[in-house]
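Hello,

Here is the structure to work through. My notes on it follow below.

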Amino acid sequence: MNIATPPRTTADAFRDDILRHLTYEIGTDPSHAQVQDWRLALSFAVRDRIVDSWFAATRKTYEAGAKRVYYLSMEFLIGRLLEDGIVNLRLLDEARGALSQLGVDFDTVLSDEPDAALGNGGLGRLAACFLESLSTLGCPAYGYGIRYEHGLFRQSFEGGRQMEAPETWLLQRHAWEFERPEASYPIGFGGSVETKGGTTVWTPSECVFAEAFDTPIVGWQGRWANTLRLWSAKAANPFDLSSFNRGAFAEAAQPEALARTISRVLYPDDTTEQGKELRLKQEFFLTAAALRDILRRFDSEHDDLGKLPAKVAIQLNDTHPAIAGPELVRILHDERGMSFEDAMATATACLSYTNHTLLPEALESWGEGLFGRLLPRHLQIVDRIDSAHAKANPSRSLSVRADHQVKMGELSFVMAHKVNGVSALHTGLMKETVFEELHRLHPDRIVNQTNGVTPRRWLLSCNPRLSGLITETIGEGWVDDLERLKELEPSIEDAGWRQRYADAKRGNKADLAAWMAEAHGLTVDPDAMFDVQIKRLHEYKRQHLNILEAIALWQEIKDAPSGNHVPRVKIFAGKAAPGYFFAKDIIRLINDVAQVINADAATRDFFQVVFLPNYNVTLAERLIPAADLSEQISTAGKEASGTGNMKFALNGALTIGTLDGANVEIREHVGAENFFLFGMTADEVVARRKVENHAAQAIAADPRLKRALDAIKDGLFSPDEPDRYVHIVENLSGPDYFLVSSDFTDYWRASREVDAAYADAETWTRKAALNTARSGWFSSDRTIRGYMSDIWNAESLLTG
Ligand code: GPV
């Protein structure tokens, strides 16, 4: 059953392939080729080798009659694919050599690739890591998503304010996808429902086509490749000839434009509910197309729908594809003639659901008016599912339908055989809060699968200095068996080895400093501590807690400029949802504070603040290997897991963090002495909110906090508009829902412990190296194995 590792390629063979693609695929002569032409030619040469594994894997799956995993997600934040493919195929030397023979700079070619930004943040990036791990593990799987014409917006700053421009990644030819006009399905909306002679028929009033585009996702060593299948919307009747003939050209093009709207943009919200009709249409579009495709594949191999749960596992990445429950029931019952009860049981046995947040504003629900207008038959089925569930559970008081809404979390739970949270803490809180009653009715349904990250992208590829040292020390086995990083521990006792570890970090910091100078005209000292907070802007993530500490630290240094201060550069990056004005004001505040602090000659040698624009996967790959300190400072109970926290620890940054999400498990793995803990626990947070005037009390008790808030309120950072940030100060002094003020004093204390530890380079390096050695558990390979055994009952088709 083994699929052999594909044969290695030489630099010469690779060079010839690149030239062939440049000539016959791009139609360009080497003497005229631009960077983009070389990049595409190289991508095609790499892609050829991936396609070989891809076909072999597909054949193997059919031969074995194996169960397939289908991961349905509105987001796949895959980033660049060229380097990933080269690294996984272990063709780095050959590709570099081939390009150098052709007189082309390899790194310039790699960095020409646009980021595929088909996701907002952690949820979308997790889906991308999962696809790579599924391929590394040889588990037959498909990712299903939407091929957004415009991914997440491009961010720039004007006067410190976030500006948004459309992301146009598809303007250039996309090297990695294969268009599949033959895999195209009509997707209906609206219309009417009729029951005749016992069968119910839905006749939609509107129809668009979903057309497939496939991207192969290759695993480590090219031993397996799975498919990311993204749907693009096309008009059923692309062109209205009669309007055109009348001379009404705009009108003639309308059906096409309207249909395509569905796959036009990724909604730029992150953990906030987006209650737009178009969003619901997108969700149904993705889900209905995926189910059609899944059933077509199933039908080609089997003729008994009873076998569906044995051959098909469908994972819902949050509630966005939750309409899969009613849609699958509708197909099985209305179209395939199964009894309603059997259809429901079959669908439930296939489906499982991952919850990624407890924030109430992110729990999707749809007004029944909208839902019924767009999906009239599905509304009936939801009601029937709800009453069937109520009948089977007479003690039940909740409902999928309440206040004229359809509640997608409850629907997903009822229609799933397993429901999982993404960290131990989050899963526990799910049982106690949002799903308390459903958990009582179905005590075996909720399971935990703590998130993970792929070590191929997030260590091997993004941090060659460190991964080189690791491989030299313990061999290459860690790449797909990350817990073997533990074998580094004896070397950490060796001062010479520690120096090499420190040198790798220093080299990464120097590279980052050089890039910041070149790309952004910033001067930072690579010997200063690089203190990094990179993630979406959200009040619960508390970037404002971090900037308050920055202000207080600056004030302290200013009071004693000749003191013994530990030099620090605070680096921020992240996007705010365009409509989330408070978060956008936090960005502007950080930029304003940076401007004042960085202009202060008295403190400049000790302290700087930087906000890098347009955070994306590629920027994360640059920043994480160069970080000393990882800021994971969310209000306890609010961050479901976090995955950036894992990437930092793996790359040897120490964490300053709260007991939230996977921070808890990171601290357990790396050791409490190698983690800077501060802040209230989730329970303490709940209790603290009940204390009257909690924020005012915290401020009165901490003169540093008061002084920092006063500086903002007095307009020190916005002299041209002194009132600009008064509302932020008022929030943090009054309601302060996220308890920034109440956690400030302990955060300050922990941060000074960080300073003391950093001042002792030997100790710091030991702690950093222990973080690397003990983070192996956070591989997404471990996570996927957990899903395969506890949720999907799926198997690897790779042996040995
Ligand atoms: I719901 N998450 C996200 O990025 N977008 C969303 O819409 C939702 C959740 C994130 C959580 O906030 C993180 O804590 C978590 O690590 C990540 O999903 C992956 O599980």
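**The ligand and its surroundings**

An oxygen atom of the ligand has a backbone N or O atom of Leu123 2.9 Å away. A polar contact here is a pair of N or O atoms within 3.5 Å; within protein, one must be able to donate a hydrogen and the other to accept it, and residues adjacent in sequence count only if both atoms are side-chain atoms. The side chain of Asn451 places an N or O atom 2.8 Å from an oxygen atom of the ligand, and a polar side-chain atom of Tyr540 lies 3.3 Å from a ligand oxygen atom. On its own the ligand has 470 Å² of accessible area, and the protein covers 96% of that (Shrake-Rupley method, 1.4 Å probe; for residues, only the protein chains shown count as cover). In total, 16 residues surround the ligand, with Leu123, His356, Asn451, Glu639 and Gly642 the closest (a residue is near if one of its heavy atoms lies within 4 Å).

Before you read on: this is a predicted model, in which local features need pLDDT of at least 70 and side-chain atom pairs count only at pLDDT 80 or more, while totals for chains, interfaces and linings use all residues. Residues are numbered from 1 along each chain as its sequence is written, and side-chain values use heavy atoms, with hydrogens and water left out.

**Aromatic rings**

The whole structure holds 25 aromatic pairs. Rings of Phe, Tyr and Trp (its six-membered ring) pair if their centres lie within 6.5 Å; planes under 30 degrees apart count as stacked, over 60 as edge-to-face and the rest as tilted. The ring planes of Tyr142 and Tyr144 are at 15° and the centres are 6.0 Å apart, so this pair is stacked. Both Tyr142 and Tyr144 are buried (under 20% relative accessible area; exposed is over 50%, partly exposed in between, with a 1.4 Å probe and protein chains only).

How are the rings of Tyr353 and Phe435 arranged? Their planes are at 85° with centres 6.2 Å apart, so the pair is edge-to-face. Tyr353 is in strand β13 (residues 351-354) and Phe435 is in the loop between α16 (424-432) and α17 (436-441), so the pair ties together parts 82 residues apart in sequence. Helices (H or I, at least four residues) and strands (E, at least two) are DSSP runs, numbered from the N terminus.

Two arginines sit over rings. Arg147 lies over the face of Phe213, 3.9 Å from the ring centre, and the charged end of Arg782 is over the ring of Trp777, 3.6 Å from its centre. The test is NZ of Lys or CZ of Arg within 6 Å of the ring centre and within 35 degrees of the ring normal.

**Buried residues elsewhere**

Glu631 belongs to strand β22 (residues 629-632). Its relative accessibility is 1%, so Glu631 counts as buried. The side chain of Glu631 also makes a polar contact with that of Lys570 (3.5 Å).

Gln221, in the loop between β10 (206-218) and β11 (225-235), has a positive phi of about 70° although it is not a glycine. Asn614 is not a glycine either, and its phi is near 55°; Asn614 is in the loop between β21 (607-612) and α24 (617-623).

Regards
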